[in-house]
Every structure is written in C-alpha cells, then in structure tokens.
Amino acid sequence: VTRYRQNKRRTSTVHGDYRVLHLENARELHRRLMFDLALGKDPQEAKKAKATFAEVAQVFLKRREGKLRSYADDVQKFSKRLLPTFGKRGLHQITAEELDDFLHNLHTKEGLAVATANRYHSLLSGFFRWSAKAGYLPFDKNPMALVEPFPEDNAPKDCMSEAELARFIDKASEDPNPLAGGLLALIGLTGARLSEWLEADWSEV
C-alpha cells in the first residue's frame, strides 16, 4: 500500500496481495506511483480509465441501492444479461455498434418485447451517463449517445374486430343464463366495465 496526498486529500493505492507480490515488485510499483504523482498525474483517475464494465457496474448499482423502485429489476438485468455479455470488457472498449447489436438481439433473437428491450436501453443509457460523470469515461466517449431506442407504437388498439365482436354478441345471446349473456353483450356493445354495469341504475340504461 502506498499512502499519499492528492488534491489536499489523503488517499492510498493498494498494489496487490502481499502473499503474491514480491517485495521488489511492490517497491517498483511504489516508485512508479510516486513518479506519476510528481508529474501531476492522478493514480485514481488512471485506475478508473482501466476499469472493466463489471467493476463500474458494481459501483453504479451500489450508488442506486435503496433509491429507486426499479433497483431489484436493474440488478436482475445486469446479472442475467449485461454482465455475462460485457462484464470482463474494459468500459472504454465497448462500442456503440456492440450495444446496438445487443439491444437488437434482445428483440429479434431472444424474443423480448420492444418495451422490454427499451428498458435495457434506458438502463444502459443511465449507466454510461453516470460513468462519464464519475470519471470512468470522457463525456464525448459515451457509446450509448449513438444508440437509438426501438420505436414504440403506444396508440390504443381495438381488442376485437367488428366480425369478432359480432361473433361474441351471438355467443353471449346463446348463453344458458340469459342475465349473464345479456350482461356480456352489453359490455361488448358499450365497452363499459363490468363494475359499471353492475352498479348502474335503470335510468342509465
């Protein structure tokens, strides 16, 4: 361990496990660190620049713990797909093309819904933005800035076509229980909820 002061703040750098690292190697690492400090370099920033996706993800998730309702879901996304795919890669090595392919495959190969793939997009966008703010990436090197989400069609859709609705009404009229059949027909024809018809007055019919 080398302890030093950087930007008026006491900090330290661990060079390795004393059971593995020989004394001469540790001294050489100490000399290199002190030389970098003399040149005005920040060892912590250099360490961040070499961080892997998994190392940064660990810090990222720790910072989010207890702050978001989606935290458990975020952890699951990292554990199930993101870490197995990108975990060992250096964060700065991951390209926009790789991320775009990953998201595209979620939908086309794994069969995830567009909305689910876009939640991965949102999580990755937040992760890389935070990484840039925390000094792990230059702001202009955020690969997710170049990756577009899937377009989503949020327009309301009819549950049944006119032909399907007609068949539904016919089947409802054939129900052995005329009250139940009539109620189903009313729901189909008006689009009102079951609770609305159950609580309706005759004056509203």
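In helix 5, the residues Leu-99, Phe-102, Leu-103, Leu-106 and His-107 meet Val-114, Ala-117, Tyr-120, His-121, Leu-124 and Phe-128 of helix 6, where contact means heavy atoms within 4.5 Å. Sorted by class, the residues of this contact of helix 5 with helix 6 comprise 9 nonpolar, 2 polar and no charged; here Ala, Val, Leu, Ile, Met, Phe, Trp, Tyr, Cys and Pro count as nonpolar, Asp, Glu, Lys and Arg as charged, and the others, Gly among them, as polar. The model is predicted, so local features need pLDDT of at least 70 and side-chain atom pairs count only at pLDDT 80 or more, while totals for chains, interfaces and linings use all residues. Residues are numbered from 1 along each chain as its sequence is written, and side-chain values use heavy atoms, with hydrogens and water left out.

Helices (H or I, at least four residues) are DSSP runs numbered from the N terminus, and axes are lines fitted to C-alpha atoms over the stretch in contact, with angles running from 0 to 180 degrees between N-to-C directions.

The axes of helix 7 (residues 162–173) and helix 8 (residues 178–190) come within 8 Å and cross at roughly 165°, which makes helix 7 roughly antiparallel to helix 8. The crossing of helix 7 with helix 8 is left-handed. On the side of helix 7 the contact is made by Leu-165, Phe-168, Ile-169 and Ala-172, and on the side of helix 8 by Gly-181, Leu-184, Ala-185, Gly-188 and Leu-189.

Turning to the rings, a search of the whole structure finds 12 aromatic pairs, that is, rings of Phe, Tyr and Trp (its six-membered ring) with centres within 6.5 Å. Phe-60 and Phe-78 form a tilted pair, 6.0 Å centre to centre with 50° between the planes; planes under 30 degrees apart count as stacked, over 60 as edge-to-face and the rest as tilted. Because Phe-60 lies in helix 3 (residues 53–64) and Phe-78 in helix 4 (residues 71–86), the pair ties together parts that are 18 residues apart in sequence. Phe-60 counts as buried at 2% relative accessibility, and Phe-78 is buried at 0%, where buried means under 20% relative accessible area (1.4 Å probe, protein chains only).

Note on methods: Helices (H or I, at least four residues) and strands (E, at least two) are DSSP runs, numbered from the N terminus. Buried means under 20% relative accessible area, exposed over 50%, partly exposed in between (1.4 Å probe, protein chains only). Angles under 35 degrees count as roughly parallel, over 145 as roughly antiparallel, 65 to 115 as roughly perpendicular and the rest as oblique. A crossing is left-handed if the near helix is turned anticlockwise from the far one by less than a right angle, and right-handed if clockwise.
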